[in-house]
Amino acid sequence: MDSMQAYQMLEWGRPPEYREVPVPEPKAGQLLVKMAGAGLCHTDLTIIHSPAGFWPDPPFTLGHENAGWVAKMGPDVSGFQEGDGVLISAMYFCNYCDKCARGLHEQCRNIGLPGYGVGYDGGLAEYILVEAKHAVQLGTLNPVEAAPLADAAATSYHAVKLMMPQLVPGSSAVVIGVGGLGAYAVQYLKQLTAARIIAVDTVDDRLSNAKRLGADEAFISDGDTAEKIQDLTQGGADAVFDFVGNTPTLTTGLSSLSQGARLVVAGIGGGEVPMGWERISMNAGFINTRGFNLPDLNEIVALAREGRIEMAATHFAFDAIETGLDALESASVAGRAVVTFS
Ligand SMILES: [Zn+2]
Ligand SMILES: [Zn+2]
């Protein structure tokens, strides 16, 4: 194995291409991983359509939701063996700053936007080179199934986990947007908390899916959503998770909070809302969340291994990445879109 196919961003404003590139050699602390599954994600579309200046510059191989098998280990790597199934964290972190030392890898002081598939070579290739500290053992979990756990499922888990101390029996949690991330959030809330779960969306199918996954109430969002939530919860929810993040959803979210509640925003919807002491519920707060940490990844791998979360996916072959991206763009994918490798 000297060379391999990789699906790469070469220049801003130009569609990605398949290229023949050398198979990388793992150095100290690194693993070479044979790819099994690579989740495609809206972030990929954003990167592909992005002008220069925001993301780290190409060339780089796309693909940030990666899982596979350890093919080769660099010197001094311990804790892994060839053939181990591993999940690769989409969050890149240093693991030595004070934030990482506290397990807050999502807040790492030394890493910003770059990660695998975003500046560094990602997993849309036969092999990916990773730092061993970014790999999580999958055990009996199939890496093809596990791929979306590297980003989408983990981001959602982190958001829910932030609110777990408040979500005691008698509490309520609202999930706005129960497509990708939100559908995971409903499952985590059901598995890990005693909260009454209220799902809100603009699409009927997603609401019935949310009910199937454990939502107690589910309804189409409209101008009266906040009022309905206030009625259902007798004075507001303890947590509102907004996976959309546009102006209407942020407005609904802020108006649905009980005293001391939190609006947790994970949706990059470009919304804007006026904030101020008089405008939101007393003692309430706003949490802007991005990413997840190693404890989160290990915990969702455990949940998935025990069969406690549903991970619906549509598979696309490696030579059909463009079909997968088109399907993602037209929102015609059932579950997550995952590229598989022969
Ligand atoms: Zn992603
Ligand atoms: Zn760090």
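Here is a short tour of this predicted model, stop by stop, with what to select and what you will find there.

First, some housekeeping. Residues count from 1 along each chain as its sequence is written, and chains are lettered from A and ligands numbered from 1 in the order in which they are written. Local features need pLDDT of at least 70, side-chain atom pairs count only at pLDDT 80 or more, totals for chains, interfaces and linings use all residues, and side-chain values use heavy atoms, with hydrogens and water left out.

**Stop 1: the two domains**

Colour 3-150 plus 312-340 as domain 1, and 155-288 as domain 2. These bounds come from an automatic or database domain assignment. The two centres, taken over C-alpha atoms, are 30 Å apart.

**Stop 2: the zinc ion**

Pick ligand 1, the zinc ion, and show C41 (SG), H64 (NE2), E65 (OE) and D151 (OD): these are its protein donors, at 1.9 to 2.6 Å. A donor here is an N, O or S atom within 2.8 Å of the metal (3.2 Å for Na, K and Ca), and sites may look incomplete since water is not among the atoms. Along the sequence, the donor residues follow the spacing C-x22-H-E-x85-D. C41 sits in the loop between β3 (30-40) and α1 (42-48) while E65 belongs to strand β5 (residues 65-73), so this pair ties together parts 24 residues apart in sequence. Helices (H or I, at least four residues) and strands (E, at least two) are DSSP runs, numbered from the N terminus.

Which geometry does the site have? With angles of 93 to 138° among the 4 donor atoms, the site is irregular. For reference, four donors are tetrahedral if all angles lie between 85 and 135 degrees; four are square planar and six octahedral if opposite donors are over 155 degrees apart and all others between 65 and 115; anything else is irregular.

Are C41 and E65 buried or exposed? Both are buried, where buried means under 20% relative accessible area, exposed over 50% and partly exposed in between (1.4 Å probe, protein chains only).

**Stop 3**

Now select β3, where 10 of 11 residues are buried. Strands pair if DSSP finds at least two bridges between them.

- β5, over 8 bridges; look for M35 opposite G68 and A38 opposite N66.
- β9 (residues 127-131), over 5 bridges; L32 has L129 as its bridge partner.
- β18 (residues 336-340), over 4 bridges; G37 stands opposite T340.

From β5, hop on to β6 (residues 85-88), an antiparallel neighbour over 4 bridges, with A67 opposite L87.

**Stop 3: the parallel sheet**

Select β11 to β16: this is an open sheet of 6 strands with parallel pairing, ordered β13-β12-β11-β14-β15-β16.

Contact means heavy atoms within 4.5 Å; axes are lines fitted to C-alpha atoms (for helices, over the stretch in contact), and angles run from 0 to 180 degrees between N-to-C directions. Finish with helix α6 (residues 204-213), lying across β12 and β13 and running at about 175° to β13.
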